[in-house]
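The tour goes stop by stop.

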Amino acid sequence: MPVLIDKHLHDHHLVREEVNNREKALPEPKAMANCINVGLINNMPDSALIATERQLFDLLNAAAGRVSVRLRFYALPNVPRADWGRQYMRRFYSDIDDLWDEDLDGLIVTGAEPRTPNLAEEPYWGQLGQLIDWAQENTVTAVWSCLAVHAAILYLEGIDRHPLGRKCFGIFEQVKMMDHPLIKGVPSPVGVPHSRWNEVREDALASSGYSILTKSAEAGVDMFVKLQKRSLFVFFQGHPEYEAQSLLGEYRRDVGRFLRREMDAYPTTPKGYFDEQSEQLLADFRTHALSNRCNELLARFPVERVAANLKNTWHSAATRMYRNWVLYMSGRRGRRFESSALTRGSAISH
């Protein structure tokens, strides 16, 4: 069953691709009626907006099975954006104020590029706090990704993130720490992409009642959960939704920043990601970059040769995690409707 997007977004790239691939009309409103409703709060920078939509759409599509899922887009207006980003959000996203009266089963909240060392000083902090409060009371479950994890934990528990000595960047093997429905059928260990400069630590999370589902000896905690009022909050410090070339794109971006002298140090190569041949190609490029630091050199970055050897080894595990998440929503949603029906019946009989 495909993931459905509202018909009025007929010119959105995901809708166009689905119509072209399936050669059929867009879904009518009646097809939306019994869907699991998931809201995407996409806080990623402009350069990653479309890629993030595609990654999560494709992952939900692979995970949904026979469950119908309706994906809806919402934006925090205070996330800093260039003119193109603001126009794109106005065209395809609803304002966060439109969310408060909606009936969503699930929520996915992505990270944003930090502008200040203190997350509570970010321009969208107040809106994000409203979103967290609303999600606790009005969703079955909510997924928080990367920087959104750190912001949510700070808001909910007062637990601050810790800066790392070096970027946690690459594919890191995660081991399951307990049995939980959300990781049923997920292999252990399983490699998961990470890309971050900070972390929330296991001891602080455990002391605040969070259940650690997966962690890595190198990368620390990855997936953890806690029931926040009515909603199961699910946190990923990593990026199971990433495509095969996502880390390559981030690495090339950081190399470009170094060449333009926006970064002092040459970026760390992502661990456990490239094969030996690609590692050598990238090491040779690094040697040239250090001896001839100029932006023009980026055109010689061996992106196509390296990309050809990349494989998405975590896709099946990521699909299983999100499949379990969709099934959790589906089961809880059914019980919620049954409870509402019983309440209405009781009120009528009296």
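Start with strand β7, residues 162–176, and strand β10, residues 214–216: 2 bridges join them, and they run antiparallel. Strands here are DSSP E runs of at least two residues, helices are H or I runs of at least four, and both are numbered from the N terminus. Two strands pair if DSSP finds at least two bridges between them. Pick Lys176, then Thr214 in β10: they are bridge partners.

A word on the source: this is a predicted model, in which local features need pLDDT of at least 70, side-chain atom pairs count only at pLDDT 80 or more, and totals for chains, interfaces and linings use all residues. Residues are numbered from 1 along each chain as its sequence is written, and side-chain values use heavy atoms, with hydrogens and water left out.

Is Gly170 buried or exposed? Gly170 counts as buried, because its relative accessibility is 0%. Buried means under 20% relative accessible area, exposed over 50%, and partly exposed in between, with a 1.4 Å probe and protein chains only. Leaving out residues up to four places away in sequence, Gly170 touches Val192, Pro193, His194, Leu247, Pro270 and Lys271. A contact means heavy atoms within 4.5 Å. Then draw a distance to Phe274: 104 residues apart in sequence, Gly170 and Phe274 are 9.2 Å apart C-alpha to C-alpha.

**Strands β5 and β6**

Go to β5 and β6. They pair in the parallel sense over 4 bridges. Gly106 has Thr141 in β6 as its bridge partner. In β6, 5 of its 5 residues are buried. Show the side chains: Thr141, Val143 and Ser145 point one way, while Ala142 and Trp144 point the other.

**The β12 hairpin**

Next, select β12 and β13, which pair in the antiparallel sense over 6 bridges. Lys226 stands opposite Phe233 in β13. The hairpin has 2 residues between the strands, and Lys229 takes a positive phi near 55 degrees. Strand β9, residues 211–212, also joins β12, running antiparallel to it with 2 bridges. There, Ile212 has Phe224 as its bridge partner. β12 is mostly covered, with 5 of its 6 residues buried.

Which residues of α5 are buried? They are Trp125, Gln127, Leu128, Gly129, Leu131, Ile132, Trp134, Ala135 and Gln136. Show what covers them: the cover includes β2 (36–41), β5 (106–109), β6 (141–145), α6 (147–157), β12 (223–228) and β13 (231–236). α5 itself spans residues 125–138.

Move to α4, residues 83–92. Its buried residues are Gly85, Tyr88, Met89 and Phe92. Look down the axis of α4: these buried residues fall within an arc of 95 degrees, so they line one face of the helix. The arc is that of the directions from the helix axis to the C-beta atoms. On the other side of α4, Asp83, Arg90 and Arg91 are exposed.

**The cores**

Finish inside. The largest nonpolar core has 45 residues, and those with the most contacts inside it are Ile108, Leu182, Val234, Tyr322 and Trp325. Helix α11, residues 315–349, gives the most to this core, with 8 residues. A second, separate core of 36 residues includes Leu131, Trp134, Ala151 and Tyr210. A nonpolar core is a set of buried Ala, Val, Leu, Ile, Met, Phe, Trp, Tyr and Cys residues joined through side-chain atoms within 4.5 Å.

Center on Val234. Among the residues that Val234 touches, not counting those up to four places away in sequence, are Thr141, Val143, Leu182, Phe224 and Trp325.

Zoom out. The protein has 11 helices and 13 strands. Of its 350 residues, 52% are buried.

Technical notes: The expected span of a helix is 1.5 Å times one less than its number of residues.
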